[in-house]
Amino acid sequence: MSYVNAQATGRWFQSGAQRPEAAVRLFVFPHAGGSAASYARWASLFSEDVELRILQLPGRQSRRSEPAFTRLDPLIEALHDAVESEWDGRPFAFFGHSMGALLSYRLTLAMQAEGGPSPALLAVSGWAGSAHRPNRDSVRDMSDDEFIAGVDGFGGLPPEIIGNEEMRDLVLPALRADFCVLEDYSHDAAPVACPIVAYCGASDPLLVGNAMATWADLTETFLGLSEFPGTHFYLYEHALSVATDLGRHLRRRVAANSR
């Protein structure tokens, strides 16, 4: 399944297949340094009643010529406009992994505060505000070697990129910008009005104790936490299981909203 160019679909979101008859749309927010290509096969994991829209941030791949965001609030504001421009009246939901979970969470809050369309479900993976600890040393001041060493601690860069100077030069600017966005965030435990479902790797070094379970405190309707074998990027191996569970929740939310 080939991806259409982001420019042809509103720049911010890419789609593996247009499904105008689908009952719900799922907006997917990749991890720091990630791109829409990271979730290219996800469209095939969901049934025909789910249409995927996958975020492509500036500074990478088809948007490489655009400056990447380094501050959280301006990025959320831009995402708010982008999602609203995509809204076609159908129910929609958010799924975010790692930094994508932060973006989808804060975007949900922003959309609900405005009173316009907002997600029927927030699905989060591999990130929790209660475990969010900004770097003691600013990412902006780190050398490339220092930054790579920090990211490598949780598997953020494959060995083939770390050992290839040309590949590092392509990947590092967007990845560093994304970490600046993460560094810009201070957790306030603001609750959302929609249900939340959570996923994580059981051995994720970035999640302290029961951090992912604290999502239950941010909603009146917590649909549970599913843990899978693996670390921070468990999602690569367990994408089908996550998509199957998430698809089940999406169908239930659509059914509940149509009553």
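This is a short tour of a predicted model, stop by stop. Residues are numbered from 1 along each chain as its sequence is written. Local features need pLDDT of at least 70, side-chain atom pairs count only at pLDDT 80 or more, and totals for chains, interfaces and linings use all residues, while side-chain values use heavy atoms, without hydrogens and water.

**Stop 1: the core.** Select Trp12, Leu79, Phe94, Leu103, Tyr105, Leu122 and Trp215. These residues have the most contacts inside the largest nonpolar core, which has 52 residues. Such a core is a set of buried Ala, Val, Leu, Ile, Met, Phe, Trp, Tyr and Cys residues joined through side-chain atoms within 4.5 Å. Buried means under 20% relative accessible area, exposed over 50%, and partly exposed in between (1.4 Å probe, protein chains only).

Now colour helix H2 (99–114). H2 gives the largest share of this core, 8 residues. Elements that give two or more residues include strand E4 (92–97) and helix H5 (165–183). Helices (H or I, at least four residues) and strands (E, at least two) are DSSP runs, numbered from the N terminus.

**Stop 2: the negative patch.** Select Asp73, Glu77, Asp81 and Glu114. They gather on the surface as a patch of negative charge. Patch residues have over 30% relative accessible area and no salt bridge, and like charges are joined within 9 Å. Helix H1 (residues 72–86) gives the most, with 3 residues. Zoom in on Asp81. Asp81 lies in H1 and is partly exposed, at 49% relative accessible area.

**Stop 3: Arg11.** Find Arg11 in the segment before strand E1 (13–14). Arg11 is partly exposed, at 32%.

Note on methods. Patches are made of residues with over 30% relative accessible area and no salt bridge: like charges are joined within 9 Å, nonpolar side chains (Val, Leu, Ile, Met, Phe, Trp, Tyr) within 5 Å. Accessible areas come from the Shrake-Rupley method with a 1.4 Å probe; for residues, only the protein chains shown count as cover. A salt bridge is a side-chain nitrogen of Lys or Arg within 4 Å of a carboxyl oxygen of Asp or Glu. Lys and Arg count as positive and Asp and Glu as negative; His and the chain ends are not counted. The place of a charge is taken as NZ of Lys, CZ of Arg, CG of Asp or CD of Glu.
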